[in-house]
Amino acid sequence: EKSHFETQRELLVGEIAQSLEHVLQNINRLNRSLEEVIAVGTEFSPVEALWSQFENVMAKYPEEGEG
């Protein structure tokens, strides 16, 4: 027969294991979300490059009469 201490210890160890499992699941969800955010950001890379090129061209050839 188990003592009160051993019973309580088993209960606490079980709760800790369950909590760690929840933490692991939430970390995995967060990781997937971050991967999705990075993927969306990567999709905008060509657009950013195009705007950057446009900005550089406009800086080289300012409109006449400005200033």
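On this tour, buried means under 20% relative accessible area, exposed means over 50%, and partly exposed lies in between (1.4 Å probe, protein chains only). The model is predicted, so local features need pLDDT of at least 70 and side-chain atom pairs count only at pLDDT 80 or more, while totals for chains, interfaces and linings use all residues. Residues are numbered from 1 along each chain as its sequence is written, and side-chain values use heavy atoms, with hydrogens and water left out.

**Start with the whole chain.** Show the protein chain as a cartoon: there are 2 helices and 0 strands, taken as DSSP runs (H or I, at least four residues, for helices; E, at least two, for strands) numbered from the N terminus. The radius of gyration of the protein chain is 29 Å, well over the 11 Å of the globule rule for 67 residues, so the chain is more spread out than a compact globule. That radius is taken over C-alpha atoms, and the rule is 2.2 Å times the number of residues to the power 0.38.

How many of the 67 residues count as buried? The share is 0%.

**Next, select lysine 2 and glutamate 10.** Their side chains meet in a salt bridge, at 2.7 Å from N to O. The term asks for a side-chain nitrogen of Lys or Arg within 4 Å of a carboxyl oxygen of Asp or Glu, and the count by this rule is 1. Lysine 2 is partly exposed at 47% relative accessible area, and glutamate 10 is partly exposed at 45%.

**Finish at helix H2, residues 45-60.** Select tryptophan 51 and phenylalanine 54, which both lie in this helix, 3 residues apart, about one turn. A search of the whole structure finds 1 aromatic pair. The ring centres of tryptophan 51 and phenylalanine 54 are 5.6 Å apart with planes at 90°, so the pair is edge-to-face. Rings of Phe, Tyr and Trp (its six-membered ring) pair if their centres lie within 6.5 Å; planes under 30 degrees apart count as stacked, over 60 as edge-to-face and the rest as tilted. Tryptophan 51 is exposed at 57% relative accessibility, whereas phenylalanine 54 is partly exposed at 44%.
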